[in-house]
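Subject: Structure handover

Hello,

Here is the structure for you to look at. My notes follow below it.

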Amino acid sequence: MSNAFLVALRRLRAPIILLVLVFSIGIVGLALIPGTDAAGHTWRMTIFDALYFMSYTASTIGFGEIPQAFNTAQRVWVTLIIYASVIGWAYLVANLLTLAQDRSFRTVLEVGRFRRQVRALREPFYLICGFGETGALVGRALDTLGLRFVVIDILEDRIQELDLLDLAQDAPAMVGNARVPESLIAAGLTRPECRGVLTLTNDDQANLAVAISVRLLNPAVPVLARAMSREATANMISFGADHVVNPFAKFGEYLTVAIQSPGIHRLITWLTGLPGTTLKPAPAPPRGHWIVCGYGRFGAEVVRAFRGQDLDVTIIDPGEPGLDGLRVVRGLGTDAATLDQAGVRNAAGIVAGTDDDVTNLSIAVTARELNDGIFTVVRQNLRANHALFDEERGRHLGRSCDGSAAGVSRRRRAGHLASRDERVRRSGLSRRAVPCRLSGDPS
Amino acid sequence: MNLEKVIFAFFIIFAATLNFGFVIGEIDNPLHHHVWEFFAAFVVNVVATVLKFGDRTQVGATHLATSLVAVLQLTAAALLWTLAPAGPDGMIGAATMTGIVSLSAGALLANIVSVVILIVETTLQRR
């Protein structure tokens, strides 16, 4: 028996017992009360007759008075039991409806269905924990490659969005906390078909918890974890995560690779791109003086990458980054004065990397007004703002570029599994996970 | 003391006692086995079964299984009683009565198991 059925029976105990009692009392009365037939003889119902009569009366079918017409005493009793049984049914139906709307009961139903779906998976599958923008992108890429996957996310909205992705497969998905090992087991972690776990939540602690659970529950399965900070990365590696991806660090690394050796960057893009993407002509970011706006998690990693390659960089940040040997301009970067102070007129490129999309767009537009030839890298935080970024890029290109430079944007996201080359795929499992785009101008 | 537990134990023991009362007597003598006692045993067994619904523990599952067995046996006995032709004196035949009582005796065994589980469970909880 499934859990849901047991829970339902448990909740319906009271109405079922009430109905059993109403039936029993009705049967006893019917069988005991003497009837009178047309000839004036006394007759009694057998217990079976009484049960038969009760069954069709209580269920409102009403075949009439059989085997013979009732006398007044019998009709009085029948009147009473009709009301009693209707109340009993109504009570049962009300309980059923309450149960169907009960949140915990529906959760039990959904979890049961999810477990069945996972158990029915006979092909290798990947387990995705966290189905935000990155998770959805990975899911779509796996789907394109014909690989199955199972999803756990803590938010119900994200699970519902899975239906809108228009996938070729019906991926099992559950609302659940991936930190709880029980959820991971329900999602098939311990099954032999499970080929890998990708933990892509935006919470480093949750990703760490998943990595540990996988190591302990099914050590043979590789784990790919997303980490936003250096501490979390180190922690996850010490717990044996196979691949830890810090999307911000990866982006910084790629940006510097693109500056120093565009050919290598192009090769990486080619080998690790999402399935179905075409390699577009892209201008290399120029060498020279760079400005980084926003010294948060993203900005810090980009600056670290720049400094690792001995590139000249100035930071614009409203806070006090407190960095040794770096030029820091206080401000947001959206106004001309701050940008001027950071040397935008002689800069080769600018990275608009705050955690606010509007601010980033504003920085890019202002910077280009001051320096028409500047290479802009704009961080897009939310996928929903896609249209704004496309528009901004299109206007910029239309003004200053020829056709060959069209489509210079490159999205950096978790698309590693999408590669066709197995080796590159393995080693580059997380080349990209940052919602960022490069927007450049070759002039 | 918990009223729910009292009701639970009450129905389990009541199902067993009624069943015992019906079964006791000469196996083929209809005078020793009253139909209303059978009816009462049947209804109380059904109620005891419903009370056992939804307990997910191993003991709860065994409890429910014993009750289902008892109800099944009693249902078979009831069908036999309903379908068997009555004798010329309106009384039920000795052969039929034997069948009914032996089916009910099977149900009694299931009810005894149920009572034993109840007692063992109660004893273990006190420790």
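Two strands pair if DSSP finds at least two bridges between them. Helices (H or I, at least four residues) and strands (E, at least two) are DSSP runs, numbered from the N terminus. This is a predicted model: local features need pLDDT of at least 70, side-chain atom pairs count only at pLDDT 80 or more, and totals for chains, interfaces and linings use all residues. Residues are numbered from 1 along each chain as its sequence is written, chains are lettered from A and ligands numbered from 1 in the order in which they are written, and side-chain values use heavy atoms, with hydrogens and water left out.

**Strands around β12(A)**

Start with I350(A). This residue stands opposite T376(A) in β13(A). The strands concerned are β12(A) and β13(A), the latter covering residues 375–379, and they pair in the parallel sense over four bridges. β12(A) also pairs with β9(A), residues 290–293, again parallel and over four bridges. There, I291(A) stands opposite I350(A).

In a regular strand, side chains alternate between the two faces of the sheet. Are the faces of β12(A) covered or open? Both are covered: G349(A) and V351(A) on one side, I350(A) and A352(A) on the other, are all buried. Buried means under 20% relative accessible area, exposed means over 50%, and partly exposed lies in between (1.4 Å probe, protein chains only).

**Where chains A and B meet**

Contact means heavy atoms within 4.5 Å. By that rule, 18 residues of chain A are in contact with 15 residues of chain B. The area buried between them is about 1500 Å², and carbon and sulfur atoms give 80% of it. Buried area is the accessible area (1.4 Å probe) that two parts lose on being put together, summed over both.

A salt bridge is a side-chain nitrogen of Lys or Arg within 4 Å of a carboxyl oxygen of Asp or Glu. R13(A) makes this link with E4(B), with the closest N and O atoms 3.8 Å apart.

Three elements of chain A give two or more residues to the side that touches chain B: α1 (3–11), α2 (13–32) and α3 (47–58). The largest share, 10 residues, comes from α2(A). By class, that side has 14 nonpolar, two polar and two charged residues. Here Ala, Val, Leu, Ile, Met, Phe, Trp, Tyr, Cys and Pro count as nonpolar, Asp, Glu, Lys and Arg as charged, and the others, Gly among them, as polar.

**Chain B**

Chain B has four helices and zero strands. Of its 127 residues, 41% count as buried. Among contacts in chain B between residues at least 6 apart in sequence, 71% join residues at least 24 apart.

**Salt bridges in chain A**

The count over all chains is 14 salt bridges. One of them joins E156(A) and R103(A), at 3.1 Å between the closest N and O atoms. E156(A) is in helix α7(A), residues 156–164, and R103(A) is in helix α5(A), residues 103–120, 53 residues apart. E156(A) is partly exposed at 33% relative accessibility, whereas R103(A) is exposed at 61%.

Another salt bridge joins E182(A) and R115(A), with the closest N and O atoms 3.5 Å apart. E182(A) lies in α8(A) (181–186) and R115(A) in α5(A), so the pair ties together parts 67 residues apart in sequence. R230(A), E301(A) and R304(A) are linked in a network of salt bridges.

**Two residues to look up**

R148(A) is found in strand β4(A), residues 148–153. At 18% relative accessibility, R148(A) counts as buried. Its side chain makes a polar contact with that of E123(A), at 3.3 Å. A polar contact is a pair of N or O atoms within 3.5 Å; within protein, one must be able to donate a hydrogen and the other to accept it, and residues adjacent in sequence count only if both atoms are side-chain atoms.

Q309(A) sits in the loop between α13 (297–308) and β10 (313–317) of chain A. Its relative accessible area is 40%, so Q309(A) is partly exposed. The side chain of Q309(A) makes a polar contact with the side chain of Q260(A), at 3.4 Å.

Best wishes
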